[in-house]
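Subject: Handover of the structure

Dear colleague,

Here is the structure that you are taking over. My notes on what was found in it follow below the display.

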Amino acid sequence: MHVKKRQQRVTMIMESKHIEYTVIDITEPGQEAEKDFMQTNAQHKGCTISDPNPRHALPPQLFNDTEYCGDYDDFDMANEVDNLEVFLKLAAPAAPEPEHKNGDDSAPPATAADDEDENKENKTEDNGAAGDAAGAETTEGANEV
């Protein structure tokens, strides 16, 4: 695919995803520093049929500020697998959330129904202990210390 067509495709995709970008045309006068930057920092050379081993990277090359993202083929693949934001280093990959706060994977998370069951059990124990007044006073005294 011709360089201009590749640039047009990149532009179309970036606009459709509402991603802010800046196109730097290294063929324009006064863009020599940007051309040197691209050729120095691009890691993929972007070979073509007519030049399978280019000395310099071929545009378009994509950067996030000064951080290299990849060439057109990398961009196209990232778009195809719906991973463009990560490719462009716009978003860090989402870290998996822990399933349980205490790290115990064997116990399911507590629910409101579990709390109600526990309260019923406590009421039953309290009713059984009500006949033993001395035990209740000892427990209360221990809590007051």
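In which helix is the place of Met77? Met77 sits in helix α3; helices here are DSSP runs of H or I with at least four residues, strands are E runs of at least two, and both are numbered from the N terminus. With a relative accessibility of 53%, Met77 counts as exposed (exposed is over 50% relative accessible area, buried is under 20%, and partly exposed is in between, with a 1.4 Å probe and protein chains only). Between the C-alpha atoms of Met77 and Phe87 there are 9.5 Å, and the two are 10 residues apart along the chain.

Some ground rules before the rest. Residues are numbered from 1 along each chain as its sequence is written, and side-chain values use heavy atoms, with hydrogens and water left out. This is a predicted model, in which local features need pLDDT of at least 70 and side-chain atom pairs count only at pLDDT 80 or more, while totals for chains, interfaces and linings use all residues.

Confidence

The mean pLDDT (the predictor's confidence in each residue, from 0 to 100) of the protein is 75. A pLDDT of 70 or more is reached by 57% of the residues. Over residues 128-145, pLDDT stays under 50, and the model has 0 contacts beyond four places in sequence for them; contact means heavy atoms within 4.5 Å. Where pLDDT is low, the predicted coordinates should not be read in detail.

Overall layout

The protein has 6 helices and 2 strands, in the order α-α-β-β-α-α-α-α along the sequence. Of its 145 residues, 19% count as buried. Among contacts in the protein with a separation of 6 or more, 41% are between residues 24 or more positions apart. The accessible surface comes to about 11,400 Å², and carbon and sulfur atoms account for 50% of that (Shrake-Rupley method with a 1.4 Å probe; for residues, only the protein chains shown count as cover).

The strands

Strand β1 (residues 61-64) pairs with strand β2 (residues 67-71) in the antiparallel sense, over 4 bridges; pairing requires at least two bridges found by DSSP. The two strands form a hairpin with 2 residues between them. Asp65, in the turn, has a positive phi of about 55°. Leu62 has Gly70 in β2 as its bridge partner.

The cores

A nonpolar core is a set of buried Ala, Val, Leu, Ile, Met, Phe, Trp, Tyr and Cys residues joined through side-chain atoms within 4.5 Å. The largest one has 12 residues: Val10, Ile13, Met14, Ile19, Leu62, Cys69, Tyr72, Phe75, Ala78, Leu84, Phe87 and Leu88. Helices α1 (3-16), α3 (72-80) and α4 (84-87) are the elements that give two or more residues to this core. A second, separate core has 5 residues, including Met38, Ala42, Ala57 and Tyr68.

Cys69 belongs to the largest core. Leaving aside neighbours within four places in sequence, Cys69 is in contact with Leu62, Phe63, Asn64, Phe87, Leu88 and Lys89.

Salt bridges

Side chains of opposite charge can pair when their charged atoms come close. The structure holds 4 salt bridges, each a side-chain nitrogen of Lys or Arg within 4 Å of a carboxyl oxygen of Asp or Glu.

One of them joins Lys4 and Asp25 at 3.9 Å, N to O. Lys4 lies in helix α1 and Asp25 in the loop between α1 and α2 (32-41), so this pair ties together parts 21 residues apart in sequence. Asp25 is partly exposed, at 22% relative accessible area.

Another joins Arg6 and Asp73, also at 3.9 Å, N to O. Asp73 counts as partly exposed at 43% relative accessibility.The side chains of Asp76 and Arg9 meet in a salt bridge of 2.9 Å, N to O. This pair links distant parts of the chain, with Asp76 in helix α3 and Arg9 in helix α1, 67 residues apart. Asp76 is partly exposed, with a relative accessible area of 21%, and Arg9 is partly exposed at 24%.

The loop between α1 and α2

Ile24 is placed in the loop between α1 and α2. Apart from neighbours within four places in sequence, Ile24 is in contact with Gln31 and Glu34. Ile24 and Pro60 are 36 residues apart in sequence, and their C-alpha atoms are 9.4 Å apart in space.

Regards
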